[in-house]
Amino acid sequence: MTSVKSCIASVLLLSLAALVTADTCSEIASTTSIEVTTPLQLSYITEQQEYWSTSCAALKPTCIIFPKNASEVAKVISVLNTNSERFAVKSGGHSPNNNFASVAGGPLISTQRMDSVVLDQETGIVRAGPGNRLDEIAAKLQGSGWTFVGGRIGNTGIGGLILGGGLSYMSAQYGWSASSVVAYELVLPNATVATITSESDPDLFKALKGGGNNFGVVTTYILQARRQGQVWGGNVAFARSPSTDERLLQAVRDFTEYNTDPKAAVIVTAERTNVNLIDSWILFLFYDGPTPPAGMFTNFTSGVPIVNTCRTRTYADLMGFSNWVIVPGSIITIGTETIPLPSSSNQDILTSIHAHWRNISSTVLAVPGIIASIAFQPFPKDIAAEAQARSPDLIDVPPDADRMIIEINYSFLLPSDYDRMADTMEATYTGVRQRVLAAQQAGKLPDVYLPIFMNYGFYRQDYFGRLKPESRALAKSVAERVDPNGLFRTRTGGWKP
């Protein structure tokens with residue numbers, strides 16, 4: 001009898017231990033109808049290939065879970081609350097920072113099955129799932145007369161874009177992408193589903209605009225779309241020369257300060273590859289209308305371009321066309337700095353930043369597959385004013401000065417070069433920052449608030465440390481309130497307040 005009791009007790013203890021240590025993948029697969037895929041299955045392999053950076057794809061989750069709605073996401077979060085596994089949530093996989101939307105040895109929650117787009121044709125209110133990419137949502141809205149204020153590269157997932165703020169060709173008209181969110185359907189860390197608005201929870205509503213992945217899983221973005229017909233846009237490329245450097249840096253500086261048409265937008269990018277086989281300037285030009293006013297972009301297009309693809313087209317066509325910038329099969333790193341716009345008499349500051357990038361990038365031109373770029377992106381007062389007028393956000397930039405957002409990219413082939421290239425990235429953005437601080441101390445640049453733009457941030461940068469203290473404090477208090485057990489704060493990657 002004693003031995004029988006001992007056996008029963010042992011079985012019960014083993015069963016209890018199995019229950020306590022049951023992994024999320026097995027639990028979801030055995031107790032729900034939610035799609036769960038494992039490393040040898042085609043859908044797992046395909047989803048892992050959907051990262052922009054192969055360094056993220058190299059991190060192998062235990063399984064990939066594909067929920068179709070908020071209820072299924074809530075079931076996954078509920079199971080995660082019973083164990084201690086690390087996990088990640090993935091929208092489009094465009095963040096190249098390892099572990100931000102990727103994970104090794106834990107479950108990955110992919111939002112790809114939540115890709116519906118439902119438009120109210122009368123009001124322009126759109127309910128969009130986080131599984132959409134910009135080119136997909138543009139295609140689904142094509143012909144409706146409405147568009148989403150999204151980013152500039154079609155393959156970008158809307159989830160990470162909006163949670164980071166989102167810079168758009170239309171930002172001078174409508175603010176950040178996040179400025180157009182009127183409500184979030186959110187699965188909270190305690191596995192409840194809530195609709196978050198500025199009235200229902202104003203602090204959480206604000207924290208979701210620029211606060212990243214710290215507050216739960218957004219399963220639907222309720223957005224105010226904007227009226228739109230045909231647009232004009234594309235790329236113009238020039239061979240690099242010292243005179244072209246000066247002309248285009250002056251052009252983007254002047255555009256940032258003097259342009260008065262919010263429908264116009266530009267990005268001015270310098271790019272070089274292995275041993276300078278390519279050394280060029282690539283311009284992204286956009287006008288929210290079928291034809292830009294005469295002379296609008298003359299300062300950018302004068303000269304003899306290598307290529308000019310600008311034309312009248314649909315917005316969906318422009319988003320699809322933009323995907324040429326993605327470099328398949330490469331490791332990608334992205335970093336950023338925000339700078340005050342130099343006055344015309346201090347144009348040499350932009351020249352110095354460009355020269356610094358060339359000096360640093362010259363040290364890695366022999367790295368296999370290297371593509372180095374630096375983009376000068378206007379951040380005029382109009383963008384800050386529109387963002388503040390439409391909705392509060394954590395970024396909270398006042399319209400007190402014109403600024404520029406500097407985006408730095410290095411892509412390369414070999415994992416063995418990752419640490420070296422991470423150091424190269426750090427040296428690049430640190431040098432930009434040092435030049436800005438020195439110019440401010442010398443009185444050549446205004447001493448204004450300069451947050452880091454989350455969508456372009458490198459994992460070593462201190463995103464929350466560069467926000468205003470009150471924004472950082474708000475994000476921290478909201479995260480502690482909605483996630484008291486630290487499910488997202490301690491078990492996912494990304495910046496933490």
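**Cavities and an open sheet in a predicted model**

The largest cavity comes out at about 190 Å³. This is a predicted model, so to speak a computed one: local features need pLDDT of at least 70, side-chain atom pairs count only at pLDDT 80 or more, and totals for chains, interfaces and linings use all residues. Numbering runs from 1 along each chain as its sequence is written, and side-chain values use heavy atoms, with hydrogens and water left out.

A cavity here is a set of points, on a 1 Å grid over the protein atoms alone, where a 1.4 Å probe fits but cannot get out; lining residues have an atom within 4 Å of a point. Points are joined across faces, edges and corners, and a volume is the space filled by probe spheres set on them. Searching the whole structure turns up five cavities of 30 Å³ or more. Around the largest one sit 20 lining residues, with Ala 264, Ala 265, Pro 378, Pro 380 and Ile 383 nearest its centre. At least two lining residues each come from α8 (171-174), α10 (242-258), β13 (264-273), β18 (371-379) and α14 (381-390); helices (H or I, at least four residues) and strands (E, at least two) are DSSP runs numbered from the N terminus. β13 gives the largest share, three residues. Sorted by class, this lining has eleven nonpolar, six polar and three charged residues (Ala, Val, Leu, Ile, Met, Phe, Trp, Tyr, Cys and Pro are nonpolar, Asp, Glu, Lys and Arg charged, the others, Gly among them, polar).

The second largest cavity has a volume of about 60 Å³. Its lining includes Arg 152, Tyr 169, Phe 284 and Trp 324, and β12 (231-239) and α12 (315-321) are the elements that give two or more residues. Five of its lining residues are nonpolar, three polar and one charged.

Then there is the sheet. Five strands make it up, open and antiparallel, in the order β5-β6-β10-β8-β9. β5 (117-119) and β9 (193-196) are the edge strands with a single partner each, so one side of each has no neighbour in the sheet. From one strand to the next, the twist averages 15°. β8 (181-187) and β10 (217-224) pair over six bridges in the antiparallel sense, pairing being at least two DSSP bridges between two strands. Ala 183 faces Ile 222 of β10. Helix α5 (70-80) packs on the sheet, touching β8, β9 and β10, at about 45° to the direction of β8. Contact means heavy atoms within 4.5 Å, while angles run from 0 to 180 degrees between N-to-C directions of axes fitted to C-alpha atoms, for helices over the stretch in contact.

Technical notes. On a 1 Å grid over the protein atoms alone, a cavity is a set of points where a 1.4 Å probe fits but cannot get out, and a pocket is an open set with protein on both sides within 12 Å along at least five of seven lines; lining residues have an atom within 4 Å of a point.
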